[in-house]
Amino acid sequence: MLLAVNQLTKKFKQHTAVDELSLAVKEKECVALLGPNGSGKTTTLNMLAGLLKPTSGEIFFMGKRGIDRSRIGYLPQYPAFFSWMTAREYLHFAGKLSHIPKKALSSKVDEMLAFVGLEDEKNKRIGGFSGGMKQRLGIAQALLHEPKLLILDEPVSALDPEGRRDVLQMMQQLKRKLAILFSTHVLHDAEQVCDRTVILKDGKVKWSGDLNALKQTGRQVKCVLHAEAKLKPWLSSIPYAAKVHFRSATCAEITLQHERDRMRLLKDCVAREIDVTHFEMKKHSLEDAYLEVMNE
Amino acid sequence: MKIFLTLFQKEWLEAWRDKKLLWLPIVMILTAVSQPIALYYMADVLEGAGNLPEGSVIEIPLPSGEEVLASTLSQFDIIGTAIVVLSVMGIISHERSSGALALVMARPVAALHYIASKWLAYAFILIFSFTVSYGFAYYYTIHLFQGVSLGRFFASSAIYCLWILFVMAVTLTVGTMIKKTGGIAGVSLLLAAGLSLLSSLFPEYMKWSPANASRKANQFLLTGEWGDAFYPAVIASSFLIMGLFMLAILLFKRFESCTA
């Protein structure tokens, strides 16, 4: 196990930002922290990056207690650099702080600039960089010292669609070489790149596992029924429906307890000689499953 | 050591690109030089001001060179202190609020490296600026008034540097705790002025105070002697400055690990 976190808690005065959170990241695994704003994602990542001291709990990294800051790469949500430096100067500065030997540094810096596509801007002052360019430079500085674990805080939230795609592609490439732990509030981003997702709410882990499995955990089956006759008195009394929502007198959205009850519902309709004009199975989307987990 | 040197180097490059390395000595030189020049032309200025009845004779005895230098240092007590505070107030809080600090601290950088790099870089810059500006004042003094021995000049400037270091140390320490630069400047100036005031009100109890440094420098300029309680004052001030340095590291560590 590359990173293991046990019962991590962070309190700010009265407010508990992270509440007994436990998670683990294996080597070369990509894990997403998913949750709404204010669910404690950034606080968790800051503690794992060694910037914030946990109130209680344990962190084990590479088999040792505590974080070895020379073996992690960290990218905050809004990376800020020294605006008077050029991109190249900044990477040299960052590399020296992370003990990269002088001989290897220059070629490493050039390699990183090429990887994030900043070769043409390498001698320009960072002060003039756009948000997307800063994000690229942020990724370059996080990868420079070949970390074992990359910690990215909302790496794509602030980017335009193109920048988003580029960064997600970079992450796809990177996860072959190192472990990535990143936070996001966009379900789709998590689905695209990560192997495992940890869903947070109010600083607690709500669910964790493969997102594909999350799709299947939605046990409830929804269907929509339109008929010519009124549905009201009869439909609200069927025993196998978890919930019935009438859109109108002749149209209802029914949440069934089991998939097999679908046939039972149709059979009941036939038995009561109800003319069904429309019957639709609603597909269980990832969003539905996510919202279900969040509202549990 | 490599980390400290990298950060130290960065401070110099930043001071150079910011032009701080340029304006700081220039402002200090202007402050210092204005005193001997103003004193020299005082009589002409008063005469030119008019409003004086016909036939009034203005006779201002020309001060000695030592007196001119001493008044230059008193000028520094006010304006120089403010310049030191203003030039140092933002160096931590600015990096903290912009977020650049988080990326530095995410690397294996200790609080000691970070604080020491800023502390030493600015100690050099400020002492250099002060010495150069005081040197200019010395130059004008010996040309417009009379000669002052080099020994008195160097000894008084060395002692005065203690006060500059102290003000810088206070500002840096306050700067580790407060987010807004205005607040940092206000609190630092208040502390420096308060100590100065206390030292002149209760000289008996304040022999350790770094505010005495400027008084001792004055005394040495005028008399060539340090007077009583010189060594205790120097040693206590040095310890106080060292203590502030360590306090800054501690406070910085606490602030960084508790809020981010």
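The model is predicted, so to speak of local features a pLDDT of at least 70 is needed, and side-chain atom pairs count only at pLDDT 80 or more, while totals for chains, interfaces and linings use all residues. Residues are numbered from 1 along each chain as its sequence is written, chains are lettered from A and ligands numbered from 1 in the order in which they are written, and side-chain values use heavy atoms, with hydrogens and water left out.

We may begin with chain B itself. Its secondary structure comprises 11 helices and zero strands, where helices (H or I, at least four residues) and strands (E, at least two) are DSSP runs numbered from the N terminus. Along its principal axes, the C-alpha trace of chain B spans about 75 × 40 × 30 Å. Of its 260 residues, 49% count as buried; here buried means under 20% relative accessible area, exposed over 50%, and partly exposed in between (1.4 Å probe, protein chains only). The accessible surface of chain B is about 12400 Å², with 71% belonging to carbon and sulfur atoms, as given by the Shrake-Rupley method with a 1.4 Å probe, only the protein chains shown counting as cover for residues. Among contacts (heavy atoms within 4.5 Å) in chain B between residues at least 6 apart in sequence, 79% join residues at least 24 apart.

Turning to the interface, 26 residues of chain B are in contact with 29 residues of chain A. The two chains bury about 2600 Å² between them, 63% of it on carbon and sulfur atoms; buried area is the accessible area (1.4 Å probe) that two parts lose on being put together, summed over both. On the chain B side, B:Arg17, B:Leu103 and B:Arg107 lose the most area to chain A, together 29% of what that side buries.

The rule finds one salt bridge across this interface, defined as a side-chain nitrogen of Lys or Arg within 4 Å of a carboxyl oxygen of Asp or Glu. It joins the side chains of B:Arg17 and A:Glu89 (2.8 Å, N to O). Nine residue pairs, both members at pLDDT 80 or more, are in polar contact between chain B and chain A. A polar contact is a pair of N or O atoms within 3.5 Å; within protein, one must be able to donate a hydrogen and the other to accept it, and residues adjacent in sequence count only if both atoms are side-chain atoms. Two or more residues each come to the chain B side from α1 (2-17), α5 (90-98), α6 (100-105) and α11 (230-258) of chain B. Of these, α1(B) gives the most, with nine residues.

A:His145 lies in the loop between α4 (131-143) and β7 (149-153) of chain A and counts as buried, at 12% relative accessibility. Leaving aside residues up to four places away in sequence, A:His145 touches A:Ser70, A:Ile72, A:Gly73, A:Ser98, A:Ile100 and B:Arg107.

Backbone angles deserve a brief word too. Most residues other than glycine have a negative phi. A:Gln7, in strand β1 (residues 3-12) of chain A, has a positive phi near 50° and is partly exposed, with a relative accessible area of 45%. A:His99 has a positive phi of about 60°; A:His99 lies in the loop between α2 (87-97) and α3 (102-115) of chain A and is partly exposed at 47% relative accessibility.
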